[in-house]
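Reader: I am new to reading structures. Could you take me through this one, question by question?

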Amino acid sequence: MQGIELEKLLTRVSKPARYLGTEWNAIHKAWEENPVRMAFVYPDLYEVGMSHLGLAILYGVVNERPGMLMERAFAPGPDLEGLLRENHLPLFSLESHRPLTEFDVLGFTLQYEMSYTTILNILDLAGIPLMASERSAGHPLVIGGGPGVANPEPVAPFFDAFLLGDGEEALPELLAMVGSLKKEGAINDRRRVLKAIASMPGFYVPSLYEVEYNNDGTVAAVVPREEGVPERVVKRVIPDLDAAYFPTQPIVPFLEVIHDRMMLEVMRGCTHGCRFCQAGAIYRPVRERDLSILLRQAEELVRHTGHEEISLTSLSTADYSRVEELARVLAAAYADRGVSISLPSLRVDAFSVRLAEAVQRVRKSTLTFAPEAGSQRLRDVINKGVNEEDILTATGEAFRAGWQAIKLYFMLGLPTEREEDLLGIVDLARRILDQGRKLAPGGKPTVTVSVSSFVPKPWTAFQWEPQDRVEAIKEKQKLLRTHLKGPGLRFNWHEAEVSFIEAVLSRGDRRLSRAIVAAWRRGARLEGWSEYFNYSCWEEAFRETGLDPAFYAYRSRREEEIFPWDHLDFGIAKDFLKRERRRAWEGLVTADCRSGRCTGCGVCPGLGVDLILKGGPRDSAT
Amino acid sequence: MRLRIKYSKGGQAVFLGHLEMLRLWQRAMRRAGLPLAYSHGFNPHPRLAFGPALAVGIESLAEYLDMELTAPLDPVEVKERLQAELPAGLEILLVFAISDQAPALTAIINTAAYRVAWEEPPDPKILQEKAETFLSQQVVRVSRPGKEGARVKDIRPGVFQLAVKPGATLEMLLECSSRGVVRPEEVVGAMALEGPSRVIRTGLFIRRDGRLLTPEEYVDPQFPARGRKCSVL
């Protein structure tokens, strides 16, 4: 599979630079000298996967250690997939161009539900049985991580193990264990290997758990099948990011990837407590990095990559205690070296806009805010913690600073939503447009309203709620479309059917794995791309397997229902979520725990961790 | 200070397109810590100017690139520092200073030489006949795909030389200017030959008054008299 053969294929595909593996800073460790070999597999195209910070972190952390190596693999484009199948060639890793079957461990990241069929396609292209139960001695261990493990049950039968939580420490531990089992010659004793993994903190081996169902189709219990397998698997947390590995020599892609910039992770976690947000729940607690460490990492990144942009990444970068200082120092330090600073996520407030103003030389681009809901009542229900004054102050500040294009993110179909909430979106968009015309005379302000459909997620206060029916979502989209017409207004929305499948999978159980296989057999793959998503694959898959998607997406769950993911522990107390749910119905806002008042989510005492905030004069800036 | 870089492109680097090359050079220059001159405006970027674009999949022995520095540096040092930052397949052959007034590469280069080879080479005799037939024609029309459908173009005036070499390879000297470009595959196609397995751009030239000059020979805006006669093949 090496050398000339690949090159011949590459002359026949679009974007061959996806598959070379010789990008700057790519690590090619000697195969023979590193007996533990893992491939990190991103179940989407290269341009998406290479934008993922988690890959860069784990690639660096594993390759830094002696005796182990990590290579990369991505979903091939449809043209290369066709050539591989036609020529009976297996999918290969980028660095050594070896078939994926030659690795000891394949690690998939579960970033979004719509990548699940692509995981199957990759296993199939690699010549690996889809079902973990059908794999035997000599097959790689297939493991999964990332936010999808908040509820991995729909894909559980495809995986040998999952890692819950942060991987910087846990993954090298796993590989070291695989190494010692290999040395002992015990690696082919699959049962022993799986039991050993199950005994490691943070690792969940789904085949060692039995799922029992009630007559009504809900889960009755998920119990260990044997002794020594923990009843609950608790997620791993890096307690202090300052002590954690961070990649300052990441791969510099040849191709322009989706997020084509250096990533400086200023903190992990978010304290806002928006009630729909899964990331805000499962990445708790907030851990900020020290300013001096970030400045050093930024310098190393610039020196090692030559990139022209540093992105200050996190779930809510404007919350980082010393963000102002960090942004100003970086902007000043790199201005003459052609390196700009970007903030991927802005809070809806004037502070964030001033921050963006201070670092971003490019004013012509769009400034994006996420009010999420169109009325104050609904924003309180979801605990967004933003009022209309905040929004208009922020957009006003943006127009005054010279921005002409504002983009607003909203969610449609939120619990308790009524027509007036939707009309509130329209009203808000129009008022912002008027504001722009007043504040930026002579300009041509535009307001883009981007509306996604609410998908209820595990580990959130809304995990019990039904999703709006596809027809209802389409009606609501139509209502917005009719009202959001006119000069300066733009409207875009997400395909309702995609959100429906996401809702089915996000709270699904193991039985759904059959539907995922059936959809893949009908051609479903790369479904994060609208041009490849084909709803009929799923309709037929549900029909064929006799599974009712409405049971998963549209059903209102009882509060005492046992969920398919209840044996997993992300530190969030279910009682806290129930309390948050009740507060949502009452329209009560719960304060950010940064302010010092503990909301009782259970993470810190449950996981034995604490918030790490770096102080600093954040509030004096506002 | 303006510097002109001559480099070769081979191995897996042939799969990098023009935009990828631009990004790659910009980043290599930044990593090398060179005092780059940046463009003004909202999104400053290093001022680079490439010679004629090279299609993906084609090797080259002579690609050119102009860069601009804010402080004078020894071209030999620039060559070393930049080479250390380049991925496999790209090799800097030469770095030399040019005057601020020197015209851009794309303004002077008008000719490209190619070598074309096949894994299963055609019969040299047949190849020779086909080459002679091609050269004897006054007009050679090829169809060129475009945004608004295919367009027919006469490539014959842009084929300056065509010669069969030992090992059944084909060498050609083709127009490569702002006025027109003939691609080696078009010539091969017009000769009714199989698609070649290997295409190498062997040189880029300034062709004027029956002479061929390489860009390194042509550094002075005053046309020097040291050009070779019009035959590189």
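Author: Helices (H or I, at least four residues) and strands (E, at least two) are DSSP runs, numbered from the N terminus. This is a predicted model, in which local features need pLDDT of at least 70, side-chain atom pairs count only at pLDDT 80 or more, and totals for chains, interfaces and linings use all residues. Residues are numbered from 1 along each chain as its sequence is written, while chains are lettered from A and ligands numbered from 1 in the order in which they are written.

Reader: At what angle do α5(A) and α17(A) pack?

Author: Take α5 as residues 116-126 and α17 as residues 513-521, both in chain A. Axes are lines fitted to C-alpha atoms, for helices over the stretch in contact, and angles run from 0 to 180 degrees between N-to-C directions. The two axes are 9 Å apart, and the angle is about 70°.

Reader: Are α5(A) and α17(A) roughly parallel or roughly perpendicular?

Author: Angles under 35 degrees count as roughly parallel, over 145 as roughly antiparallel, 65 to 115 as roughly perpendicular and the rest as oblique. The angle here is about 70°. The pair is therefore roughly perpendicular.

Reader: Which residues of α17(A) make the contact with α5(A)?

Author: Two residues are in contact if their C-beta atoms, placed from the backbone, lie within 7 Å. From α5(A) come A:Y116, A:T117, A:L120 and A:N121. Their partners in α17(A) are A:I516, A:V517, A:A519 and A:W520.

Reader: How many residues of the contact of α5(A) with α17(A) are nonpolar?

Author: Ala, Val, Leu, Ile, Met, Phe, Trp, Tyr, Cys and Pro count as nonpolar, Asp, Glu, Lys and Arg as charged, and the others, Gly among them, as polar. This contact has no charged residues and 2 polar ones. The nonpolar count is 6.

Reader: Is α10(A) roughly parallel or roughly antiparallel to α11(A)?

Author: Helix α10 (residues 323-334) and helix α11 (residues 350-359) of chain A cross at roughly 15°, and their axes come within 9 Å. That makes the two helices roughly parallel.

Reader: Which residues of α11(A) meet α10(A)?

Author: On the α10(A) side are A:V323, A:E324, A:A327, A:R328 and A:A331. The contact has 6 nonpolar, no polar and 2 charged residues. On the α11(A) side are A:L355, A:A358 and A:V359.

Reader: Which residue does a cis peptide bond join to A:R284?

Author: Most residues other than glycine have a negative phi, and most peptide bonds are trans. Here omega is about -5°.

Reader: Is A:N383 buried or exposed?

Author: A:N383 lies in the loop between α12 (376-381) and α13 (388-400) of chain A. It is not a glycine, yet its phi is positive, about 60°. A residue is buried if 20 or more other C-beta atoms lie within 10 Å of its own, exposed if 12 or fewer, and partly exposed in between, with C-beta atoms placed from the backbone. With 25 such neighbours, A:N383 is buried.

Reader: How many residues does chain B bring to the contact with chain A?

Author: By class, the chain B side has 11 nonpolar, 4 polar and 4 charged residues. Chain A brings 19 residues, and chain B brings 19.
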